[in-house]
Amino acid sequence: MKQLAKKMVTLERDISKKKGDFSFFAIFVREDLPTHWDLVAAAPWLEADKKEALSYFAEELKSRLDMQELLALARIVFINEDDPKLKRVQRDIAVEHDIAVEHGIAEVRDEEFFGMGMKRAYIITSKRGNKQSDAEADRI
């Protein structure tokens, strides 16, 4: 599945050039659905029109992934950039895993993100928030 992660890096890079930067972009395999991936993204431009953004993502994915890869995607999830759970995930990735990544691949295994157990995650972009955001994440 590393090939899927590589395709997602290209997708993230291309979309960020066209639409704007992501603060978070990753694919996850949840413990409760070990054969499928969730694509999770956060960006300011996603919040403006989530329906349009979802259609855009669907078209981009269909044009870049083969049928098997498409069938392996369970869902696309857009997270609000102000969501304290996202800030906590970003902090944990940066601090606990010592990962700083933008347009790359960082693999994390057997971790809890967004209150769910993840068997595997490929973090493609995670831009850590400011100290105030970190303090908010600590309260969760």
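Does Lys 2 count as buried, partly exposed or exposed? With a relative accessibility of 38%, Lys 2 counts as partly exposed, where buried means under 20% relative accessible area, exposed means over 50%, and partly exposed lies in between (1.4 Å probe, protein chains only). This residue is found in helix H1; helices (H or I, at least four residues) and strands (E, at least two) are DSSP runs, numbered from the N terminus.

Lys 2 is in contact with Ile 105 and Tyr 122, when its neighbours within four places in sequence are left aside. Contact means heavy atoms within 4.5 Å. Although 120 residues separate Lys 2 from Tyr 122 in sequence, their C-alpha atoms are 8.7 Å apart in space.

**Basis of the description**

The model is predicted: local features need pLDDT of at least 70, side-chain atom pairs count only at pLDDT 80 or more, and totals for chains, interfaces and linings use all residues. Residues are numbered from 1 along each chain as its sequence is written, and side-chain values use heavy atoms, with hydrogens and water left out.

**The protein as a whole**

Six helices and five strands make up the secondary structure of the protein. Their order from the N terminus on is α-β-β-α-α-α-β-α-β-β-α.

The protein has 140 residues, of which 46% count as buried. Its accessible surface comes to about 7,400 Å², and 47% of this belongs to carbon and sulfur atoms; the areas come from the Shrake-Rupley method with a 1.4 Å probe. Among contacts with a separation of 6 or more, 64% are between residues 24 or more positions apart.

**Helices H1 and H3**

Two packed helices are described by the angle between their axes and the distance between the axes. For H1 (residues 2–19) and H3 (residues 50–64), the axes come within 11 Å and cross at roughly 135°. Axes are lines fitted to C-alpha atoms, for helices over the stretch in contact, and angles run from 0 to 180 degrees between N-to-C directions. H1 and H3 are therefore oblique to each other: angles under 35 degrees count as roughly parallel, over 145 as roughly antiparallel, 65 to 115 as roughly perpendicular, and the rest as oblique.

The residues that make the contact include Leu 11 and Ile 15 of H1, and Tyr 56 and Phe 57 of H3.

**Asp 110 in strand E4**

Asp 110 is found in strand E4 (residues 106–113). Its phi is near 50°, a positive value in a residue other than glycine. Asp 110 is exposed, with a relative accessible area of 61%.
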